[in-house]
Amino acid sequence: MKLRKLFFVLGCLFLLLVIWSQKDNGKDSYFELKEINDDFSQDEVYKVDKKEAENTAKLIGNLYKTDDGNLDNMVDYANELIQDRAKLEQEKANLKYLIENQAFPDKEQQRTQLTTFYYLLIQLQESKSNVSPVTDGGNFQVNQIEVVENERFCTVLNISYQCMSKTEFEKYYTKYVNPNNGTKKAEQKRYLDNTFTIKNFDKDIRASTQAEEYKEYQEHEKENRVSPYDKAVMGLTKKPVTPVYLEEKVKKDAKENTAEKFDMTSTIITNTTELFDTKSMTITPTIETQEILNRWEERAKVSKNVTFPKGESYIQSYESYMNQDENWTDADERYVFEGGVKDLFICPT
């Protein structure tokens, strides 16, 4: 009886692994807008303790020290955090608090660096969680973090990581994967040398994302020029413009529009695989965002055309603005989005 239960449990586990390993194969969109932990508050912003901000500034400065283009200090610290869940959660909470309360309002480069590192930790934690059915995560580690760009308004990092050791992979592959499938190279890439790129920027958001989308479109067209024989061998199929793609594009446009209107930063994470890439995008408030919302709330008190969306998310706030935009006067627009103080107490007729 015990043996029968054991076989049943092993069978269920194997079925789950097969489903999990194949779940990405049906995607036909150029990008994916999965939800990331970007639920930043629109409530009152609190003044961050000066010493706390200085300590974080020192930490960020140390993490971004380069050695031949590589961030070895960041690799070491990320690996330390990823193996200590309590410490990881504490560090994430601290970074989120500093971002949410705009600890570096006049230092855009530190702001983008801090935000990039915050989402880096989130992505690593999610990646480790995703492979938990086949490994205990004891050998999960970041192998390399390469700096692509580290400017005032933009930070771009390439990250390489492994989910298990080589010995652990051979045991996994022998036990769970049919060698006749010919997928060992892809499986090695997935578990021993997986990669993703993280990009944070707070200027020209739309131009940057459009450039990314055009690049993806070119890759898509290049893929569709592959011969039918090669497609059959590689398992590639033409990606149609589906309702799923259109739905994702609407979400992407909504985030872009919101970020542009409210002076937010945007973070794009691209996960690379053997056949295609998946992409996630999130937007993060800045001190300029809070100032716009504060002026909007003030304007709503003196203008009969303006209603303030209390308690709504940033995207909902943007939608609320669009719904009442036609009724706003030029004075309303100038005050809320440009800070036109002289118009504040002029009540439009």
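This is a predicted model: local features need pLDDT of at least 70, side-chain atom pairs count only at pLDDT 80 or more; totals for chains, interfaces and linings use all residues.
The protein contains 13 helices and five strands. Of its 349 residues, 46% are buried.

With 16 residues at 1.5 Å a residue, helix 4 should span 22 Å, and its end C-alpha atoms do lie 22 Å apart, so expectation and model agree. The buried residues of this helix are Leu88, Glu91, Lys92, Leu95, Lys96, Leu98, Ile99 and Glu100. Leu98, one of the residues in helix 4, has a relative accessibility of 1% and therefore counts as buried, the cut-off being under 20%. In space, the C-alpha atom of Leu98 is 7.6 Å from that of Ala53, although 45 residues separate Leu98 and Ala53 in sequence.

Helix 6 covers residues 166-176 and helix 7 covers residues 184-192; their axes come within 11 Å and cross at roughly 135°. Helix 6 and helix 7 are therefore oblique to each other, as an angle over 145° would be needed for them to count as roughly antiparallel. The crossing of helix 6 past helix 7 is right-handed. On the helix 6 side, the contact is made by Lys166, Phe169, Glu170, Tyr172 and Tyr173, which meet Lys184, Glu187, Gln188, Tyr191 and Leu192 of helix 7. Sorted by class, the residues of this contact comprise five nonpolar, one polar and four charged.

The second pair consists of helix 11 (residues 287-300) and helix 12 (residues 314-324), whose axes come within 13 Å and cross at roughly 45°. That angle makes helix 11 oblique to helix 12, since only angles under 35° count as roughly parallel. Helix 11 and helix 12 form a left-handed crossing. Here Thr289, Leu293 and Trp296 from helix 11 meet Tyr314, Ser317, Tyr321 and Gln324 from helix 12. The contact of helix 11 with helix 12 has four nonpolar and three polar residues, with no charged residues.

Asp68 is not a glycine, yet it has a positive phi of about 55°. This residue is found in the loop between helix 2 (50-63) and helix 3 (72-82). With a relative accessibility of 76%, Asp68 counts as exposed, because the cut-off for that class is over 50%.

Asp263 likewise has a positive phi of about 55° without being a glycine. Its place is in the loop that lies between helix 10 (243-261) and strand 4 (265-272). The relative accessible area of Asp263 is 40%, so this residue is partly exposed.

Definitions and conventions: Residues are numbered from 1 along each chain as its sequence is written. Side-chain values use heavy atoms; hydrogens and water are left out. Axes are lines fitted to C-alpha atoms, for helices over the stretch in contact, and angles run from 0 to 180 degrees between N-to-C directions. Helices (H or I, at least four residues) and strands (E, at least two) are DSSP runs, numbered from the N terminus. Angles under 35 degrees count as roughly parallel, over 145 as roughly antiparallel, 65 to 115 as roughly perpendicular and the rest as oblique. A crossing is left-handed if the near helix is turned anticlockwise from the far one by less than a right angle, and right-handed if clockwise. Contact means heavy atoms within 4.5 Å. Ala, Val, Leu, Ile, Met, Phe, Trp, Tyr, Cys and Pro count as nonpolar, Asp, Glu, Lys and Arg as charged, and the others, Gly among them, as polar. The expected span of a helix is 1.5 Å times one less than its number of residues. Buried means under 20% relative accessible area, exposed over 50%, partly exposed in between (1.4 Å probe, protein chains only).
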